[in-house]
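Please read it alongside the model shown below.

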Amino acid sequence: MKILSIESSCDETSIAITEERRVLSNIVSTQIARHRVFGGVVPEIASRCHTEAISQVCEEALSQAGLTYKEIDAVAVTFAPGLIGALLVGVNFAKGLALSLGVPLIPVHHLRSHIAANYIEHKDLQPPFLCLTVSGGNSILTEVSDYTKFKVLGNTQDDAAGECFDKTARALGLAYPGGVELDKIATTADFKRYPLPYPRLENSEFNFSFSGLKTAVINQIHNASQKGQEIDVPVLAATVRARVCDMLIDNTMRAAQKYSYKTLALAGGVSANSELRLRMEEECKKRNIKLYYPPLKYCGDNAAMVGVQAYYEYKSGNIADISLNAAATMPINYR
């Protein structure tokens, strides 16, 4: 079954063609240069860029796969969550394409796709397993009991881990995308030099909160500026990175222990973070837990992961009609 999948939830226009877990093509048109001048994604600009790029990206995906439209068996699309205007570009393009080709339309949840990015190169990975999905907009700890069945154990109650990285990077004067740049320049953490809080939530065993940490970092930067003091940017970047990893790893390891999981996966853009990968590997090795994470090219937003998840959505009977709409927010276990 050859699925043409579309991803346009934020600032990447991507179209891929997949066959079960096999990627036949995966084209990603990035908007980073357009948004860099603003220090972050501007939703209206993102929507316009998707509109300008999506037809050409589709043609490139078909060409790379060596296929024609007539050989496509289904069309899949990210319909939630994300920037509503950006999502609508992909959803409307997908609906028109599916209708014109007379093939099924498969709606795919963005976070489910990120988890499915692990299936592309890890052919042995199958549910049940525990997954930590971290990105600019989400930090969620999920039990994956089946390919389309999810139970949320923990979620961010305010900012996501990636947002904390991005806003810290922006305050430090680093270029967009901030989280990537922060990871590149970070050296050695020093909590004595830059003391940072570890926010904990009462009566909330595995939930996350990064808002207080983000505010503490920005306050340190502003206070130093007001006193005419220099910030050691690589050290502060490393200290922030270490604290975020502390919070992510602690909750994940406690959940794995409580529910006796011996298989763990990472997903989302922040799963590319070098310290998170290294420390998670160390912790899993201590506990005899098998750890999976996607290759770097599938950590960020891409349509290949959408297509892989779409295959399992189709098998479970998740088919949409022409009334499909986009949604800015939606829980991962919506059905």
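1. Basis of the note. The model is predicted, so local features are reported at pLDDT of at least 70 and side-chain atom pairs only at pLDDT 80 or more, while totals for chains, interfaces and linings use all residues. Residues are numbered from 1 along each chain as its sequence is written, and side-chain values use heavy atoms, with hydrogens and water left out.

2. First sheet. Five strands form an open sheet with mixed pairing in the order E3-E2-E1-E4-E5. Helices (H or I, at least four residues) and strands (E, at least two) are DSSP runs numbered from the N terminus, and two strands pair if DSSP finds at least two bridges between them. Strand E3 (22–30) and strand E5 (105–109) each have a single partner strand, so one side of each lacks a neighbour in the sheet. From one strand to the next, the twist averages 20 degrees. Strand E1 (residues 2–7) and strand E4 (residues 74–80) run parallel and are joined by four bridges; Ile-3 has Ala-74 in E4 as its bridge partner.

3. H4 lies across E1, E3, E4 and E5, at about 95 degrees to E5. Helix H10 (residues 303–315) touches E1, strand E2 (12–19), E3, E4 and E5, and its direction makes about 125 degrees with that of E1. Contact here means heavy atoms within 4.5 Å. Axes are lines fitted to C-alpha atoms, for helices over the stretch in contact, and angles run from 0 to 180 degrees between N-to-C directions.

4. Strand E7. Strand E6 (residues 129–134) pairs with E7 in the antiparallel sense over six bridges, and a hairpin of four residues joins the two. Val-134 stands opposite Ser-139, and Cys-131 has Thr-142 as its bridge partner. On the other pairing, E7 and E8 run antiparallel over six bridges, with two residues between them in a hairpin; Asp-146 is partnered by Lys-149. Six of the eight residues of E7 are buried, so this strand is largely enclosed by the rest of the structure. Buried means under 20% relative accessible area, exposed over 50%, and partly exposed in between (1.4 Å probe, protein chains only).

5. Aromatic pairs. The whole structure holds eight aromatic pairs. The ring centres of Tyr-119 and Tyr-147 are 5.2 Å apart with planes at 75 degrees, so this pair is edge-to-face. Rings of Phe, Tyr and Trp (its six-membered ring) pair if their centres lie within 6.5 Å; planes under 30 degrees apart count as stacked, over 60 as edge-to-face and the rest as tilted. Tyr-119 belongs to helix H4 (residues 110–121), whereas Tyr-147 lies in the loop between strand E7 (139–146) and strand E8 (149–155), 28 residues apart. Tyr-119 is buried at 0% relative accessibility, and Tyr-147 is buried at 16%.
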